[in-house]
Amino acid sequence: MSGHEFTSFFPTSGGVDMDDQSTNIDEKTVEELAQLAARYPQPRSALLPMLHLVQSVDGRVSPRGIEVCADLLGISTAQVSGVATFYTMYRRRPGGTHHIGVCTTALCAVMGGDILLEHCEHKLGIHEGETTADGSISLERIECNAACDFAPIMTVNWEFMDNMTPAKADELIDELIAGQEVRSTRGATITSWREAERVIAGFPDGRADEGPTAGDASLLGLRIAQDHGWHAPDPAAIAAPAEEESK
Ligand code: FES
């Protein structure tokens with residue numbers, strides 16, 4: 001042995017925590033998981049939403065959640081674990097009431113995403129990937145959320161916070177910790193990470209239509225095109241020359 005030890009760059013990203021066998025999964029949860037499986041021609045296709053429902057109930061992908069999903073879908077627990085540990089939206093360990101994401105991919109980075117993340121770390125007294133001691137907030141560096149026209153963006157329980165600044169981040173964090181009502185800059189009321197997980201699983205909470213469906217920055221190109229009378233080319237007119245050539 002050389003004496004060198006392998007140290008993972010992602011020390012908490014290992015497997016599901018099998019030491020923590022606690023669970024809130026009851027008959028109602030099992031019934032709802034079965035409902036999800038029944039929505040797909042191939043029940044196995046329901047595994048991703050089923051795992052989100054497990055997270056909404058147990059705050060993470062729990063050992064019991066893995067067992068129930070495997071039983072309902074007729075697959076092995078190893079197959080369920082393989083999926084749960086592949087995607088970053090599945091938690092192996094419990095997190096905070098709220099999940100704050102800070103985008104640091106190219107466009108948000110150019111607009112200050114890294115500064116914003118560092119600022120949130122200082123404000124919360126934790127590093128990315130950690131949860132505050134009072135269990136209120138987990139912080140994560142996230143990849144592009146397809147909201148680059150509002151860069152730099154943050155998310156709270158996957159709802160957008162557009163055009164963020166360190167001052168706006170301070171205000172947001174203070175309000176979340178104080179338990180005040182917070183709204184996404186696009187209108188939706190912020191609930192909690194667990195409630196958001198239930199919606200992602202496929203059980204709507206009736207808030208989908210809160211706020212506008214598209215912001216000004218996303219609609220700017222459309223408005224300019226309308227002002228100039230620009231239209232997309234007619235697909236039939238584009239296809240015609242190519243067809244002529246092939247004759
Ligand atoms: S780079 Fe941040 S949303 Fe696209």
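Analyst: α6 passes α7 in a right-handed crossing, meaning that the near helix is turned clockwise from the far one by less than a right angle. This is a predicted model, where local features need pLDDT of at least 70, side-chain atom pairs count only at pLDDT 80 or more, and totals for chains, interfaces and linings use all residues. Residues are numbered from 1 along each chain as its sequence is written.

Helix α6 spans residues 113–124 and helix α7 residues 166–178. Helices (H or I, at least four residues) and strands (E, at least two) are DSSP runs, numbered from the N terminus. The two axes come within 10 Å and cross at roughly 35 degrees. Axes are lines fitted to C-alpha atoms, for helices over the stretch in contact, and angles run from 0 to 180 degrees between N-to-C directions.

From α6, the contact uses Ile115, Leu116, His119, Cys120, Lys123 and Leu124. From α7 come Pro166, Ala169, Asp170 and Ile173. Residues are in contact if their C-beta atoms, placed from the backbone, lie within 7 Å.

α6 also lies across β1, β2 and β3, at about 150 degrees to β1. These strands belong to an open sheet of four, in the order β2-β1-β3-β4, with mixed pairing. Strands pair if DSSP finds at least two bridges between them. β2 (137–142) and β4 (159–161) are the edges; each has a single partner strand, so one side of each lacks a neighbour in the sheet. β1 (residues 98–103) pairs with β3 (residues 154–156) in the antiparallel sense, over three bridges. Val102 has Met154 of β3 as its bridge partner.

Note on methods. Contact = placed C-beta atoms within 7 Å.
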